[in-house]
Amino acid sequence: MHEVVYDVFARKARGDSLCHIGYVDALDDETARVYAWRTYDEENWFEMCVVRRTAIIPVNRDDGPFARARKGVGR
Amino acid sequence: MTAAPIQASELDQAPRDALRRLVLTLADSKRLMGIRYSDWLLGAPSIETGIAASAMTQDEWGHARLLYSMLKEFGVDPGAVEHERATSEYASVDALDRELPDWAALVAAMFIVDGALTVALDSFARGRYESARSRVPKMISEEEFHGSLAEAWYRRLAASSEEARGLLRNATMEMLPSTLAWLGAADAPARSLVEAGIMEAGPVLLETFTQRVGPLLAEAGVDVGSVAPSEEWDADRGRGPGHPDEESAARARGDANRQLLVD
């Protein structure tokens, strides 16, 4: 099964900053939603969302995990 | 189904007995579903899937506990039902009687059996029974995640290797007949629940179920419309004539930790 990395972002309350809280490996968008909600359930999150790591566009570095994911290597 | 809510004590004997049977089969099925999920906490294909299985185990056992507590309305001690019953008295759906042999079988159970339970619960929540109206909607909202995961995995395995697809198809064909018989039950107790406005009729539930699962089952090469429901039926328990294996029932009762049980 080919899985891809999704980064997980959440905010605790309305108006809080959206924070990066971790990542999950998932088959697709739907399983990423479920895995994220079930894995990072230590808080009663106001909002949570997931983003395919390859969809994140690096701005100032080309040696981090997001840049490597865009290039199709590593996480 | 509409009309004013009703309590168990207001029902005549026949629908009251039928309602008790329904609550018990739902509660036992939830407990056994939780056990089947728990079997995969450490053997799931990924850590994330294992965590999801753990969460679903907790959901199912929470749902079972809520359903067992409804039995108090029938003068039944839920503690005795949960911890002291003989294996042959369990009323859980047939497909959960034994450990599921592989991941494909768990995915099939997640999609077909847990899905059928949710169809039944959805109807139960919209019926006249007051306790179902107040307690079951939260269960259904928690089940949305189970449904999402089940659909994603079922679709993925159906489009996977021929071996995975074969395992999925075999598990599906094993589970469908007894699940269709359970959901579509039209015996006297089931009919009395329909007449009392507590549940929709079996054919209505089957239609809802078929619409939900049919397209995805077709991707695994299964035509749900061509599968005949099982004919063997135990009307006392509202399921087929078998029962869970001894190990499963012991886990459901909590036999290993009986000395730790606190009233």
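Where is the place of B:R237 in chain B? B:R237 sits in the loop between α8 (202-219) and α9 (246-253) of chain B, where helices (H or I, at least four residues) and strands (E, at least two) are DSSP runs numbered from the N terminus. The structure is a predicted model, in which local features need pLDDT of at least 70, side-chain atom pairs count only at pLDDT 80 or more, and totals for chains, interfaces and linings use all residues. Residues are numbered from 1 along each chain as its sequence is written, while chains are lettered from A and ligands numbered from 1 in the order in which they are written.

B:R237 counts as partly exposed because it has 18 C-beta neighbours inside 10 Å. Here a residue is buried if 20 or more other C-beta atoms lie within 10 Å of its own, exposed if 12 or fewer, and partly exposed in between, with C-beta atoms placed from the backbone. Not counting residues up to four places away in sequence, B:R237 touches B:T25 and B:A91; two residues are in contact if their C-beta atoms, placed from the backbone, lie within 7 Å. The C-alpha atom of B:R237 is separated by 26 Å from that of B:E142, 95 residues apart along the chain.

Chain B contains 9 helices and 0 strands. Its C-alpha atoms fill a box of roughly 55 × 45 × 30 Å along the principal axes. For 263 residues a compact globule would have a radius of gyration near 18 Å, and the 18 Å of chain B agrees; the radius is taken over C-alpha atoms, and the globule rule is 2.2 Å times the number of residues to the power 0.38. Buried residues account for 45% of the 263 residues in chain B. Of the contacts in chain B between residues at least 6 apart in sequence, 76% join residues at least 24 apart.

Within chain B, the axes of helix α4 (residues 103-125) and helix α6 (residues 162-183) come within 8 Å and cross at roughly 25 degrees. That makes α4(B) roughly parallel to α6(B), the class for angles under 35 degrees, against over 145 for roughly antiparallel, 65 to 115 for roughly perpendicular and the rest for oblique. Axes are lines fitted to C-alpha atoms, for helices over the stretch in contact, and angles run from 0 to 180 degrees between N-to-C directions. By class, the contact of α4(B) with α6(B) has 18 nonpolar, 2 polar and no charged residues. Ala, Val, Leu, Ile, Met, Phe, Trp, Tyr, Cys and Pro count as nonpolar, Asp, Glu, Lys and Arg as charged, and the others, Gly among them, as polar. Residues of α4(B) in this contact include B:I112 and B:V113, and those of α6(B) include B:M175 and B:W182.

Chain A has 2 helices and 3 strands, in the order β-β-α-β-α from the N terminus on. Its C-alpha trace spans about 35 × 35 × 15 Å along the principal axes. Buried residues make up 25% of its 75 residues.

The contact between the chains takes 12 residues from chain B and 15 residues from chain A. On the side of chain B that touches chain A, α2 (47-70) and α5 (130-158) are the elements that give two or more residues, and α5(B) gives the most, with 6 residues. In chain A, helix α1 (residues 29-39) is mostly covered, with 8 of its 11 residues buried. The cover of these buried residues includes β1 (4-11), β2 (19-26) and β3 (47-52) of chain A together with α2 and α5 of chain B.
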